[in-house]
Amino acid sequence: MPVTGSAERVASPAAGAASHTTLMLALTFSTGIVDAVGYLGLDRVFTGNMTGNVVILAMAVTGADGLPVLGPVLALLGFAGGAALGGRLLRRFGTGWSVATTRILAGVGVCLAALTVLLALPGLDEPRRLVVTTLLGAAMGAQAAAARQVAVKDVTTVVVTSTITALSADSFLGNGSGSHWRRRGTAVLMIMLGALAGALLLRVHLALGPALAALVTFAVTWSGHRGRAVPPTE
């Protein structure tokens, strides 16, 4: 007799892949928000796009244009630490959405919510700004590790350089295959829309961007866990 309980439901591979793509694209949107907050509100620091931080840091050490040094360093360290923690939590699990994925992304949501409160407090001084920068970097690193395990091709949630490369190389100007152009194009669009939303919210208050990113992350976590949680591999 077939089991009909929700814990035993298994989605078809096609449905699961589509769902994962949608969820990772939503997280890409939230990364755009967070990076807008970091760059515009936290002294020109990227908290999701580490390529940008490496470039800023390299230019900053020459004294170019008064670019920050400490902020990018802390964001890089936070990102690396968050990614390492995510990798450790995921090490017993196979590719796809697992219980560990839920825990990591729930933690990212909690971190973003806590930072929303921290940014909402009056008198944002430099020490608190650096704490926020570091923790935002850590949250994005953990998110990137979780997205890597979910493994939606061309959607890392934190960077779109490789996605743009693939989109252009496979376009009619490239090899002409046009493969996955919708997903790739949507990933680029989502991070742009996220950055736009973050910049607009920043005009109202610095805390609103992380608040929206937290809501998106919680929604993704709930939806992903409800639909695609799998047991760990042996």
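A nonpolar patch is made of residues with over 30% relative accessible area and no salt bridge, whose nonpolar side chains are joined within 5 Å. In this predicted model, L189, L193, L196 and L200 form such a patch on the surface. Together the four leucines have about 350 Å² of accessible area.

L189 belongs to helix α7, which covers residues 181–202. Its relative accessible area is 43%, so L189 counts as partly exposed. An α-helix has 3.6 residues a turn, so residues three or four places apart point the same way.

## The chain as a whole

The protein chain contains eight helices and zero strands. Read from the N terminus, its elements run α-α-α-α-α-α-α-α.

Of the 234 residues in the protein chain, 44% are buried. The protein chain exposes about 11,700 Å², and 68% of that area comes from carbon and sulfur atoms. Take the contacts between residues at least 6 apart in sequence: 72% of them join residues at least 24 apart.

Helix α5 spans residues 126–150, which makes 25 residues. From its first C-alpha to its last, α5 reaches 36 Å, close to the 36 Å expected at 1.5 Å a residue.

At the N-terminal end, α5 is capped by D125. A side-chain oxygen of D125 lies 3.1 Å from the backbone nitrogen of R128. After α5 comes A151, which has a positive phi, near 65 degrees.

Note on methods
Residues are numbered from 1 along each chain as its sequence is written. This is a predicted model: local features need pLDDT of at least 70, side-chain atom pairs count only at pLDDT 80 or more; totals for chains, interfaces and linings use all residues. Side-chain values use heavy atoms; hydrogens and water are left out. Patches are made of residues with over 30% relative accessible area and no salt bridge: like charges are joined within 9 Å, nonpolar side chains (Val, Leu, Ile, Met, Phe, Trp, Tyr) within 5 Å. Accessible areas come from the Shrake-Rupley method with a 1.4 Å probe; for residues, only the protein chains shown count as cover. A salt bridge is a side-chain nitrogen of Lys or Arg within 4 Å of a carboxyl oxygen of Asp or Glu. Helices (H or I, at least four residues) and strands (E, at least two) are DSSP runs, numbered from the N terminus. Buried means under 20% relative accessible area, exposed over 50%, partly exposed in between (1.4 Å probe, protein chains only). Contact means heavy atoms within 4.5 Å. The expected span of a helix is 1.5 Å times one less than its number of residues. A polar contact is a pair of N or O atoms within 3.5 Å; within protein, one must be able to donate a hydrogen and the other to accept it, and residues adjacent in sequence count only if both atoms are side-chain atoms.
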